[in-house]
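I opened my notebook to record what I looked up in this structure, entry by entry. I began with a single chain and then turned to where two chains touch.

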Amino acid sequence: MTKGRKIESIILRVLIYAAAAVTFAVLLFLLAYILINGVPNLKPSLFSLEYNTENASLMPALINTVIMTLLSLVIAIPFGIFSAIFLVEYAKKGNRFVGIIRLTTETLQGIPSIVYGLFGMLFFVTALGWGYSILAGAFTMSIMILPLIMRTTEEALKAVPDTYREGSFGLGAGKLRTIFRIVLPAAVPGIMAGVILAIGRIMGETAALMYTAGTVPDIAATPMSSGRTLAVHMYNLSSEGLYMDQAYATAVILLVVVVAMNALSAFAARKLTKGTR
Amino acid sequence: MQGVFFLAACASVLAVALICIFLFANGIPAMSEIGIFDFLLGEEWRPSNNIYGILPMIMGSIYVTAGAIVIGVPIGIFTSVFMAHYCPKKIYPFLKSATELLAGIPSVVYGFFGLVVIVPMIRNYTAAQGIGGNGQTMLTASIILGIMILPTIIGVTESAMRSVPDQYYEGSLALGATKERTIFRIVIPAAKSGVIAGIVLGIGRAIGETMAVIMVAGNQPRMPQGILEGVRTMTTNIVMEMGYAADLHREALIATAVVLFVFILIINACVSLLNRRSEND
């Protein structure tokens, strides 16, 4: 081996290790920085039910986030799962309509959240006349997470071995019964992994919600009232610049939720691979 | 019952159709009223004087994204080489979930991190150079976006490298090439389509990112002046002014979203083209 090649190899190896070190160091630093500065600011007063100028409580935003997440899931999950059932169990290979659905889900996945936000504002808020409301926000979010749920459900359904279906048919069950009693239950962990990822996306979303659900810092009394979620709350706090301590605390809660959701999703996905092997 | 499943599957088609119709129907009239060339190539954005040129924002988006690529792509590709070929098996699951966590952190948290950590760093640097400024610059936005696109690039590049047949790798080693030379001369060229698809996906993420950029970029609506000056992108232009805009101003912002949407559609088309090509390989 020539000397030049050896030096080339060493330089590349150093670059590889350095790049990996930078990537994981940035993640660790970000987590540590937010936690160290944020945890001391998690005061009980932040969890009071009312937001006012003296106490920028995050509790109303937290409650709105939970409502928003549940509503979006209720809308998106049936559509996502049923579409995936159509794609995997019913559509024939080479069906042109399947190609169109693939194309549109890919398109939906690439659309930036601000474009979703503007569409939500034009369609749900203005055209349908719902005004800034949790419902308008939830519908916008459900379109945004639809491709995610469709894709993960599709993969989970495909992972169910055909022997399950054949066994069920052999015992005399119909197609529908086979899907709901045999295939779907076997695919639940995979579907859950997708749903949990979707929860993480809803909780972290800001741009799509500012002009659909609005920024009112109180608990939304009905689905038709406006309310800010935790991520919107955090953006408003840090852009006002008056409540940086509270913004740090909100960041901690967002991070903890996201870390927990990621861990749960990975757990569910592992369960799926174990179940089918 | 098959009909119900079919109808559900139509939902995503309907959603894309509605998004296109509402964006274009609200944005195109404004473009023609302002004049398509004055809108796309106008260098001034002064809503109070009814001057709507979004070239500064288009250039801002392109520059910031280019900066993110310069920072994120080398680190991302080298990290994915590490993940695919160097990472000890024992720590691999932890590092893999760490990259997934990087993808899951909300953009507003990235923006906040940029605001409290990177903005002061840049501010100190420019102050030491005697330039002044508040640290909210094109460079700051590029650094944050560079970090944010890392998980996309790492994930796609790693799986592309793993799908290269082992014989390529072993054959090259057997001919006496070093491990590093094998990876960079044989494996990566073989995985080229996948690697490029990862970069293009990263571009899509960076150009569409809003909240992280708005918190660190300064958002001045003028032609980009340099990497240590503030900049405004198409996405932030919409968020900054949508809250109070009315009439033509409001429509001009929607038209900005149309331009952004067209950028994204082109990027999407590139990605699916590349994916199809890597499937055919």
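I looked up burial first: 50% of the 281 residues of chain B count as buried, a residue being buried if 20 or more other C-beta atoms, placed from the backbone, lie within 10 Å of its own. I noted that this is a predicted model, in which local features need pLDDT of at least 70 and side-chain atom pairs count only at pLDDT 80 or more, while totals for chains, interfaces and linings use all residues. Residues are numbered from 1 along each chain as its sequence is written, and chains are lettered from A in the order in which they are written.

Next I listed the elements of chain B, and found twelve helices and two strands (DSSP runs, H or I of at least four residues for helices and E of at least two for strands, numbered from the N terminus).

Then I turned to the two chains together, where 62 residues of chain B are in contact with 65 residues of chain A, contact meaning that C-beta atoms, placed from the backbone, lie within 7 Å. Helix α1 (residues 2-34) of chain B gives the most to this side of chain B, with 16 residues.

Last, I examined one helix pair: the axes of helix α1 (residues 3-38) of chain A and helix α3 (residues 55-86) of chain B come within 8 Å and cross at roughly 105° (axes are lines fitted to C-alpha atoms over the stretch in contact, and angles run from 0 to 180 degrees between N-to-C directions). That makes α1(A) roughly perpendicular to α3(B), a term for angles of 65 to 115 degrees. Among the residues making this contact I noted A:L15 and A:Y17 of α1(A) and B:F78 and B:F82 of α3(B).

Definitions and conventions:
Angles under 35 degrees count as roughly parallel, over 145 as roughly antiparallel, 65 to 115 as roughly perpendicular and the rest as oblique. A residue is buried if 20 or more other C-beta atoms lie within 10 Å of its own, exposed if 12 or fewer, and partly exposed in between; C-beta atoms are placed from the backbone.
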